[in-house]
Amino acid sequence: MQSDFLAALDIGGTKMAVTVANRERILSRVTAPTPKSGTPRALPEQGIAMIGQACAEAGIAAEEIQTVGVASCGPFVHSEGMLCLSAPNICGGRSGASDLPNDWTLIPIEKVLCERFATVAIENDCVAALAGERMFGAVQGEANCAYVTWSTGVGFGLCVDGRLLRGKQGNAGHAGHMLMAEREDAVCGCGNRGDLEGLISGRNIANRLQVPAAELFDAAQAGETRAQAAVLEAASFFGRGLYNLAAILDMKTFVIGGSVWQHHGDWLKPHVEAEIVSRMPALTEGVTIVNAGLGSHVADVGAFSLVLPEDWASSWRLRKPWETIPD
Ligand SMILES: [Zn+2]
């Protein structure tokens with residue numbers, strides 16, 4: 001029997017959000033800091049508690065929720081056939097020089113959620129974002145497309161021939177860690193030097209130039225020489241990353257979100273496009289870059305879209321219930 005209510009769980013490195021909805025509208029939303037101590041079950045158990053809280057706010061019994069879509073930061077690792085979270089910014093046991101107050105290596109997210117809910121769908125946050133953008137956003141019905149976030153980090157979700165790519169452990173699309181250049185000063189949180197995220201993420205450029213990221217990008221837009229050189233170099237690397245994906249996967253559309261692109265995409269776009277259209281016309285002709293259509297709601301909508309029945313989707317396309325979620 002199809003349930004009248006669904007929950008979406010968004011798991012980030014610093015914050016978790018739970019949203020509860022029905023066929024017509026968003027009923028409630030609860031946020032809390034991502035837990036970093038206790039047992040490795042602490043995070044999914046907090047997710048379950050937050051769903052209970054969101055149900056209470058919505059005035060429904062917690063048992064009404066039997067289906068949950070989860071958008072989570074990665075990477076994932078399979079253990080005993082179940083998907084586990086192994087994110088270095090949450091799992092203290094994963095990174096050598098961690099200052100996190102835990103020694104977790106794997107968080108048994110699927111196992112714990114499946115003890116409570118009948119249906120659980122978990123995807124990397126950019127894969128979920130792409131599912132949301134394909135269902136409700138800027139690339140509806142597009143068969144060959146990628147969601148790209150350019151923000152404090154850099155992430156990708158990929159869709160080829162109408163299928164979301166997952167890979168052997170659900171990690172397809174970690175293209176932010178593709179190696180781009182021999183650059184000792186471009187250090188990524190993953191430990192790579194000279195990968196795309198190390199070169200261009202807001203956090204990493206800001207670290208390299210010792211300027212807060214927002215200030216740096218604003219100065220670049222205003223024409224300040226040093227900031228502009230750094231940001232235009234980043235835009236070129238970003239464009240090369242997109243070219244590489246277009247060449248490898250025969251992509252048609254890149255739908256781009258994230259805070260850097262939201263604030264600076266308009267003036268950076270020609271620099272990014274130049275890196276794509278200047279090469280291999282047979283592969284790059286017709287490749288387009290579009291802005292994400294769901295804005296700050298992409299994580300919530302993406303998580304819902306993993307479990308949303310088709311008749312709800314047609315109702316949601318008309319009503320756009322996510323627009324009532326506060327930013
Ligand atoms: Zn990296």
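Between the centres of domain 1 and domain 2, taken over C-alpha atoms, lie 26 Å. The model is a predicted one, in which local features need pLDDT of at least 70 and side-chain atom pairs count only at pLDDT 80 or more, while totals for chains, interfaces and linings use all residues. Residues are numbered from 1 along each chain as its sequence is written, and side-chain values use heavy atoms, with hydrogens and water left out.

**Stop 1: the two domains**

Select residues 6–128 together with 296–324 for domain 1, then 140–292 for domain 2; these bounds come from an automatic or database domain assignment.

**Stop 2: the interface**

Display both domains together. Here 12 residues of domain 1 are in contact with 16 residues of domain 2, contact being heavy atoms within 4.5 Å. The two domains bury about 1100 Å² between them, and carbon and sulfur atoms give 52% of that area. Buried area is the accessible area (1.4 Å probe) that two parts lose on being put together, summed over both.

Next, select R166 and E123, whose side chains form a salt bridge at 2.4 Å, N to O. The term denotes a side-chain nitrogen of Lys or Arg within 4 Å of a carboxyl oxygen of Asp or Glu. Between domain 1 and domain 2 the count is 1 salt bridge.

**Stop 3: the zinc site**

Select the zinc ion with H177, C188, C190 and D195. These residues supply its protein donors through ND1, SG, SG and OD respectively, at 1.9 to 2.3 Å. Donors are N, O and S atoms within 2.8 Å of the metal (3.2 Å for Na, K and Ca); water is not among the atoms, so sites may look incomplete. Along the sequence, the donor residues follow the spacing H-x10-C-x1-C-x4-D.

The 4 donor atoms make angles of 103 to 114°, and the site is tetrahedral, a term that requires all angles among four donors to lie between 85 and 135 degrees.

Colour C188 and D195 by accessibility. C188 is buried because its relative accessibility is 4%, and D195 is likewise buried, at 0%. Buried means under 20% relative accessible area, exposed over 50%, and partly exposed in between (1.4 Å probe, protein chains only).

**Stop 4: further salt bridges**

The whole structure contains 16 salt bridges. Select R183 and E233, whose side chains meet at 2.9 Å, N to O. Finally, select R23 and E24, which pair at 3.9 Å, N to O. E24 is partly exposed at 33% relative accessibility, and R23 is partly exposed at 31%.

Notes
Tetrahedral: all angles 85-135°; square planar, octahedral: opposite > 155°, others 65-115°.
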